[in-house]
Amino acid sequence: MVGVLPAALLLLGLLGSGKGKNEELPLYHHLFDNYDPESRPVREPEDTVTVTLKVTLTNLISLNEKEETLTTSVWIGIDWQDYRLNYSKEDFGGVETLRVPSELVWLPEIVLENNIDGQFDVAYYANVLVYEGGFVTWLPPAIYRSTCTVEVTYFPFDWQNCSLIFRSQTYNAKEVEFTFAVDDNGEPVNKIDIDTAAFTENGEWAIDFCPGVIRHHDGSSADSPGETDVIYTLIIRRKPLFYIINIIVPCVLISGLVLLAYFLPAQAGGQKCTVSINVLLAQTVFLFLIAQKIPETSLSVPLLGRYLIFVMVVATLIVMNCVIVLNLSLRTPTTHTVSSRLRHVFLELLPRLLGSGSPPEGPRAAWPPRRASSVGLLLRAEELILKKPRSELVFEGQRHRHGTRTAALCQSLGAAAPEIRCCVDAVNFVAESMRDQEAAGEEVSDWVRMGKALDNICFWAALVLFSVGSSLIFLGGYFNQVPDLPYPPCIQPEPAPTSISPPISSRK
Ligand SMILES: *[C@@H]1O[C@H](CO)[C@@H](O)[C@H](O)[C@H]1NC(C)=O
Ligand SMILES: *[C@@H]1O[C@H](CO)[C@@H](O)[C@H](O)[C@H]1NC(C)=O
């Protein structure tokens, strides 16, 4: 059974080309009849195999912040030379490459050291290409899930430093040595290669730098060879638009609503507090959203979390403020008295300080005439009546004018005096209660105006606190840019399209 495939290949090769015959099968037998894929391709045990590495990133699939996992899709280009696979194409009918399954040849066993799911290896075992002179090339694709410590301090204006660490699983630094591949200009490719044509850009992350270094670890003792690994660092920057649109803008808008509580009149009562408490609840929802996204770390607080804590503190302060203002505004003369100091501070000093004029002056000026018309008149009447005995008051004038002739009439009226006194008493009572009522009303409105003044000053304080705090926190995120590292940019800008020369056929 084993011989069927080579025989078929040979037959195909013989039929396929009329001129020369396909030499792949003889070459295959020449190379692999005495080949042992387990042994290292060196003549002497102390020789080192030099392995050339080139990692090509085709897709940065995702960075899972919660699990601190970076998922990438890469091609690992590995080249080395195996002297046992040395052949000359003249001897084998011009065969330039021989493709053989990867399990038939020696492999340097390069693994991703910092993987997170036990998938050390490549995703697909592609064929190995063997070239004239024993040069071997292997280009397997791989999907790697690697650990990446996510730094959340500036989330969502953050950048991350993730690395892919490759090393040979079984061979030490003496046995297998790594170098970077060399590009067309003879420069070593000491970064992750990104082919802009094949690369799919990630919507959330932009790759700024992707340098690679070869690191040598010294062994534990002087004569132990140590190990070599190749570390590719990915400096990726988050594109924050998604979070700006979906979390920051709604959050700022909703938090801004809390300031409206100051414009509700005290008569609205509990509504004043309800507005701010509702905002507090909405902010909790946002906090919950963020907590779902970021890793459960206590090492640092993300910027968005700090902002939410800040606006929640502001909202809480405003709730407390509302309660105090309500307490002040809804006082009545029966329970509290306005001290003159309070009146001075809230009704004269604060309005003047805020430059909002003095609204109380208008109504106040309007009051005295009204009082004079009703209460004042009554007062004067009352004074007149009370100061003198009522009988005298009533009959005084008559006595002078009419003399003793009408005294008898007056006497009879005096006899009716008890009814008149009743009447006067009733008028007195009405006057007194009206005066009390007006005084009380004035005091109540004094309390309300004090509450208003307090609301006014607190509104400006809250506005300043809210805007300054918000801008300070977001400025921190704005200034958190990727440092200018001494590496070339990872993705080379596309060369400007040059003007295409007219096709040759059109030139006559
Ligand atoms: C490959 O073989 C040729 C001669 O056939 C020889 O000159 C050359 O040195 C060999 N190369 C290696 C790597 O052994
Ligand atoms: C990224 O992390 C690696 C090691 O994890 C470190 O050597 C390197 O300096 C870091 N780069 C930056 C820009 O912080």
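In the predicted model, the disulfide between Cys148 and Cys162 is left-handed, with -70° about the S-S bond. The sulfur atoms of Cys148 and Cys162 are 1.9 Å apart. Because Cys148 sits in the loop between β7 (141–147) and β8 (159–168) while Cys162 belongs to strand β8, the link ties together parts separated by 14 residues in sequence. Both Cys148 and Cys162 are buried.

A search of the whole structure gives two disulfides. Cys210 and Cys490 form a disulfide with their sulfur atoms 1.9 Å apart. The torsion about the S-S bond of Cys210 and Cys490 is about 100°, and the disulfide is therefore right-handed. This pair joins distant parts of the chain, 280 residues apart: Cys210 is in the loop between β10 (205–209) and β11 (212–217), and Cys490 is in the segment after α10 (417–478). Cys210 and Cys490 are both buried. With bonded cysteines counted along the chain, the disulfides follow the pattern 1-2, 3-4.

Cys273 and Cys322 were also examined. For Cys273, the closest cysteine sulfur is that of Cys322, at 5.0 Å, which is too far for a bond, given that a disulfide requires sulfur atoms within 2.5 Å. Cys273 counts as buried because its relative accessibility is 12%. Cys322, at 0% relative accessibility, likewise counts as buried.

The surroundings of ligand 2 are formed by Asn161, Ile235 and Leu485. Of the area of 360 Å² that ligand 2 exposes when taken alone, the protein buries 40%. A polar side-chain atom of Asn161 is 2.3 Å from an oxygen atom of ligand 2.

Definitions and conventions:
Residues are numbered from 1 along each chain as its sequence is written. Chains are lettered from A and ligands numbered from 1 in the order in which they are written. This is a predicted model: local features need pLDDT of at least 70, side-chain atom pairs count only at pLDDT 80 or more; totals for chains, interfaces and linings use all residues. Side-chain values use heavy atoms; hydrogens and water are left out. A residue is near a molecule or strand if one of its heavy atoms lies within 4 Å of it. A polar contact is a pair of N or O atoms within 3.5 Å; within protein, one must be able to donate a hydrogen and the other to accept it, and residues adjacent in sequence count only if both atoms are side-chain atoms. Accessible areas come from the Shrake-Rupley method with a 1.4 Å probe; for residues, only the protein chains shown count as cover. Helices (H or I, at least four residues) and strands (E, at least two) are DSSP runs, numbered from the N terminus. Buried means under 20% relative accessible area, exposed over 50%, partly exposed in between (1.4 Å probe, protein chains only).
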